[in-house]
Amino acid sequence: MKVKIVVRGREFEFDPTERVKVIEYSPEAIVAVRGLFYVMKAIKGVPRIYDLPKEDPVESWKKEFTERLLRLLSGEAETTKVYPQVDFEVLTENLRLYGGIKGTGVSVKAEVLKPPQVTGQGAYAMLQVDSELQKGIVKASPFILPAERVGFFYAFNKFMFAGGEERPSGIPKALGIAAEFINGLIVVGDLRVEVKGMQCKGSAVEEVRCNGLPVNSLTPDVIDTIIFKIASGLTKEGDLLIVELPELYKSRDEARDLLKEIKANLVLVTGDPAVVGP
């Protein structure tokens, strides 16, 4: 599956199955990867589609898939109200999806490139159509570490731990990219990581501390390392982790070592392409 994001006339192409994709930093690149994040999140949310009218299963499937994808993207836009201004195209062997995200205005269209050969009827026919047209669609779980991640962590780290009803995890989606970052990295259980010789701990009942020091006493490079270690522990092979400016709070070598620990496929926006190493 190929994904193209267009920002102010600049095209950015992605393959969610590529191990590492490096993009040179620019304001447009930041907008593009955030657009990629939302498109991938919406695609992952579209379920299998079986129960449709039988008159024309291909057209019925296309209409239903488009409407569901549109609802998911529009729902996010209405909640966050900080959507990137992008046009997008998602291309597989059998299907082309395209549209735009313009603030809270979202459009989605679909084109079937290779109509499936339907040999059955009823539910079996719909199973054939859905299987063929969703084949090639990559439903990777997307995560994002935005450039502002250290500030977001300072402000909201106590909400990154799964708790009970008295202390729910996560922050409101209306906080936009901050919410996507925080809510995507919810820690179940206790956090215990070593950073620069310090023991850093946190839980649903105890805010993050390193050797007893609270978050507001820690330097940005320590906070960023904690964030990378959380992301490394929560993401897995086949996921998609977008990292904006991995070198922003640390040296090239430190950033490179932390990126090597991550099993998910990476999309990196960086001013230092050497951060990925040889």
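In this predicted model, Arg8 sits in the loop that links strand 1 (2–7) to strand 2 (10–14). Arg8 is not a glycine, yet its phi is positive, at about 50 degrees. Its relative accessibility is 61%. Exposed means over 50%, so Arg8 counts as exposed.

A positive phi of about 50 degrees also occurs at Leu245, again not a glycine. Leu245 belongs to the loop between strand 12 (240–244) and helix 7 (252–260). Its relative accessible area is 14%. Buried means under 20%, so Leu245 is buried.

Along the principal axes, the C-alpha atoms of the protein fill a box of roughly 65 × 45 × 30 Å. The radius of gyration is 21 Å. A compact globule of 278 residues would have a value near 19 Å, so the protein agrees with that expectation.

Contacts were examined between residues at least 6 apart in sequence. Of these contacts, 64% join residues at least 24 apart.

The accessible surface of the protein comes to about 13000 Å². Carbon and sulfur atoms account for 51% of that surface. Charged side chains number 37 positive and 39 negative. The centres of the two sets lie 0 Å apart.

Key: Residues numbered from 1 in each chain as written. Predicted model: local features only at pLDDT ≥ 70, side-chain atom pairs only at ≥ 80, totals over all residues. Heavy atoms only, no water. Rg over C-alpha atoms; globule rule 2.2 N^0.38 Å. Contact = heavy atoms within 4.5 Å. Areas by Shrake-Rupley, 256 points an atom, 1.4 Å probe, with all protein chains shown as cover. Lys, Arg positive; Asp, Glu negative; His and termini not counted. Charge placed at Lys NZ, Arg CZ, Asp CG, Glu CD. Helix = DSSP H or I, 4+ residues; strand = E, 2+ residues; numbered from the N terminus. Buried < 20%, exposed > 50% of the residue type's maximum accessible area, 1.4 Å probe, protein only.
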